[in-house]
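Have the structure open beside this report.

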Amino acid sequence: MLGSIGAWLRANLFRNRTDAVVTVVVGSILLYALYRFLRFLFVTGRWEIVRVNLPLYLTGAWPSDELWRITTVIVAAALVGGLAAGVAARRAAEAPDRVDTGPRSPGRVALDLLDRLWPAVATVLLLLILARTAAPWLLVVAAVVVAIAANQVGRRLPLRVGWLVNLAIPVGVVAALWLLNGGVGWNEWGGLLLNLALAAIAITLCFPFGVLLALGRRSTFPILRLLSTVYIELFRGVPLIALLLLANQALGFFIPQSIAPGRTVRAIVVLTLFTAAYVAEIVRGGLQSVPPGQIEAGKANGLTALAITRRIVLPQAIRNVIPALVGQFISLFKDTTLAGAAMGFLDLLRAAEASTQQDAFRGDGLIAEALVFVLLVFWAGSYTMSRESQRLEKRLGVGVR
Amino acid sequence: MSRLLRLLSLLLVLALGAAACASADDDADDTAPEVEETDDADSEEEPDESDGDADADADEETVELTQGDGSLLDAVIAADEVRCGTRDALPGFAVLQPDGTHEGFDNDFCRAVAAAVLGDAEKVNFIDLETADRFTALQSGEIDVLIRNTTWTASRDGGEGATFLTTNFYDGQGMMVETGAFESLDDMDGAVVCVASGTTTEGNVATEFARRGLSVEVLSFEDTNLIQEAFLAGRCDGWSSDVSQLSALRTAYPDGESALTILAEVFSKEPLAPAVRDGDTAWAQAVNWAVLATIQAEELGITSANVDDFLGSDNPIVQRFLGVEVDGAVLDPGLGLPTDFNYQVISQVGNYGEIFERHITPLGLERGPNAQWLDGGLLYAPPYR
């Protein structure tokens, strides 16, 4: 055992004199950096600022007596998510071409889920530990219980009503937004909640828009092609922050204030329009990767152009570009902080910066602690998205022909 | 085909340009009643289009006459909320708390306006603004009033479409140094002075040192956290900002308050005042008298704690001020505010001294010029009668 480690070291790190020097120099720099970082995390870092400001970081200026709206949405999301997962599992089990892997024990399912979502689970656990109150624990436990129960119900539902659950997802999203935005104006949204809401809404809107643009750019109608091309090249050719600043500062002069949307809606519009142009180019790449023979085969079978696009071309095209698409969505999620900085609303990053000037913390130079927390939260979100996309790729067999 | 496309796209661009110009003109006309700045912007961007401007000007004049019945005061009462432009991290003036509320000197004046106009100090919608956005937000009507540590200057009064009201804080730019390093500005020849970028601070330092015939190197930083690090690392000899902020920084300095000294010279006038949009006298007066209520109350010795005792006072000045009947009538000065607005401001927010003590005294700052005129300061409220 020790010998094999030694052999590995010799083969990979100390093969000759140059290698040895590089290994020692780079290795000691890395080790020192790691030591400093760990020391910061566990010894010198003063995490009180994060603990005290958790409500601010997570929900911004959200009024505390309206928190039930968020709680309700979380539990409802667990319900719908559990139901949908249950229906999907049953559908997969009854699919004619399924590969029988045998029944899976609940423990095994939980382990798989933990393996899939560990960055998010770890972050939520950390938040719960930091919060030091019972209410968030209760909420998480309730959400998990509801999700498991809904999953079991979903597995027992007759397949005929399964489509109802599929319908529940978009309806649920709209209802959630309505409920959240009901008593609390956009202006009071803040913190991570705002970043998540901006990203979720913009991703949902920009994807269909981007697909349409991609189809438009490959269309045989010249005017459609021209409009799509002009749009895509226009929005890909300008910096996002310039668009955000424009929407923030100049819009009020073009549209009467009474009908001009608030800053948050402007941010959603700009992020959607901007990302749609990139999504369009990614999807166009996917469209081009579908062999022409597929379309010809569709025509030979007498399918309409719409049916060929919808049932043959798009599924293959989008399957092929999942990694790039998810990359774009992750980028959008992170760009929501740019919107916060450009438009001045209180997203997670701004809340973290602002918290360093509170009476209890100002002058202590705690910006590093606050920013590290922001990094952790965004990393957990982005990495979870990335892992889910890899799982999706595997399931759909991307890269395998 | 390709040539046709190119021609088409050129035509499209031209059409878009024409459409943009046309719609910009339309919008200018539409928004003229609310946004006077639009005309200035137009004349800067399109100096040769004199016809369009003349039209807009004519429209604006007719609108000015009819503006009286469309005051923001009515809009605010209808919305039952004051939208107050503020910021999120200026110690003493406006700081976001862990629960998401805003606490600070400026924020309390927003609350005073809400208490006066709506009778409830909590009916404020605080809108965080970047320094660069604050006047735009005021002009475009995104906020009703700007109370955001903003210095009243002539060009802002004139060029930014803002009307400044009674100064609620007299500040001035000063210089902070390590204790014992320098005795006065004159000792600081060739010094490195650190300031926050994006403010007038930078220019003031250069002007002041040039006036004294001294050389100076100014280092600008994005935010105060970075300046403090640079200062601790010895990269700066002096640290210049408004005295209120220097005080705040000093009280929270890691090496202790006594490690730093604020030099006696104050080399700029920074009267911080609330601002509203130009051309709306009714709303401007309402905001102004809400601010003045806090100053008047302190002069009369009325605080949030004893205001109810004063309701029974037999001093007619106090009675009129608190909206109590004098000679069978309650004074309604015709400001469009409830007759008891002073009482609401004082009982819910407090008088000027209370607000100052709540937020500014912890920064280690004396009243100085912000004392009542009777105590040798600059606070002087016109009589309420």
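This is a predicted model: local features need pLDDT of at least 70, side-chain atom pairs count only at pLDDT 80 or more; totals for chains, interfaces and linings use all residues.

## Chain B at a glance

Chain B holds 15 helices and 15 strands. It has 385 residues, and 45% of them are buried. Take the contacts in chain B with a separation of 6 or more: 72% of these come from residues 24 or more positions apart.

## The five-stranded sheet

One sheet in chain B is open and has 5 strands. The order is β11-β10-β12-β9-β13, and the pairing is mixed. At the edges are β11 and β13 (260–262) of chain B, and each of them pairs on one side only. On average, neighbouring strands of this sheet are turned by 30° against each other, direction ignored.

Start with strand β10, residues 191–196 of chain B. Its pairing with strand β11 (residues 216–221) of chain B is parallel and runs over 6 bridges. Strand β12 (residues 238–242) of chain B also runs parallel to β10(B), joined to it by 2 bridges. Val193(B) is a handy landmark here. In β12(B), Val193(B) has Gly238(B) as its bridge partner.

One residue pair to look for is Met176(B) with its bridge partner in β13(B), Ile262(B).

## Helices on the sheet

Helix α10 (residues 243–251) of chain B packs on this sheet. The strands it touches are β9, β12 and β13 of chain B. The direction of α10(B) makes about 125° with that of β12(B).

Helix α9 covers residues 224–232 of chain B. It lies across β10, β11 and β12 of chain B. Relative to β10(B), helix α9(B) runs at about 160°.

## The three-stranded sheet

Chain B also has an open sheet of 3 strands, in the order β2-β3-β4, with antiparallel pairing. The edges are taken by β2 (89–90) and β4 (102–103) of chain B. Each has a single partner strand, so one side of each is left without a neighbour in the sheet.

Strand β3 spans residues 94–96 of chain B, and 2 bridges join it to β2(B) in the antiparallel sense. Leu90(B) finds its bridge partner in β3(B) at Ala94(B).

## Domains

How is chain B divided? Domain 1 takes 72–169 + 272–375, and domain 2 takes 173–268. The centres of the two domains of chain B, taken over C-alpha atoms, are separated by 31 Å. Their contact takes 7 residues from domain 1 of chain B and 8 residues from domain 2 of chain B. On the domain 1 side of that contact, 4 residues are nonpolar, 3 are polar and none is charged.

For chain A, the domain assignment gives domain 1 (2–44), domain 2 (63–183) and domain 3 (186–401). Between domain 1 and domain 3 of chain A, the C-alpha centres lie 39 Å apart.

## Where chain A meets chain B

The contact between the chains takes in 38 residues of chain A and 39 residues of chain B. On the chain A side, the elements that give two or more residues are α4 (54–59), α10 (222–236), α11 (240–249), α12 (251–254) and α17 (348–355). Helix α17(A) gives the largest share, 5 residues. By type, the chain A side divides into 16 nonpolar, 17 polar and 5 charged residues.

Most residues other than glycine have a negative phi. Asp80(B) is not a glycine, yet has a positive phi of about 55°. Asn149(B), also a residue other than glycine, has a positive phi near 55°.

Asn149(B) sits in the loop between β6 (145–146) and α7 (154–159) of chain B. Asn149(B) has 23 other C-beta atoms within 10 Å, so this residue is buried; the cut-off for buried is 20 or more.

Note on methods
Residues are numbered from 1 along each chain as its sequence is written. Chains are lettered from A and ligands numbered from 1 in the order in which they are written. Two strands pair if DSSP finds at least two bridges between them. Helices (H or I, at least four residues) and strands (E, at least two) are DSSP runs, numbered from the N terminus. A residue is buried if 20 or more other C-beta atoms lie within 10 Å of its own, exposed if 12 or fewer, and partly exposed in between; C-beta atoms are placed from the backbone. Two residues are in contact if their C-beta atoms, placed from the backbone, lie within 7 Å. Axes are lines fitted to C-alpha atoms, for helices over the stretch in contact, and angles run from 0 to 180 degrees between N-to-C directions. Ala, Val, Leu, Ile, Met, Phe, Trp, Tyr, Cys and Pro count as nonpolar, Asp, Glu, Lys and Arg as charged, and the others, Gly among them, as polar. Domain bounds come from an automatic or database domain assignment.
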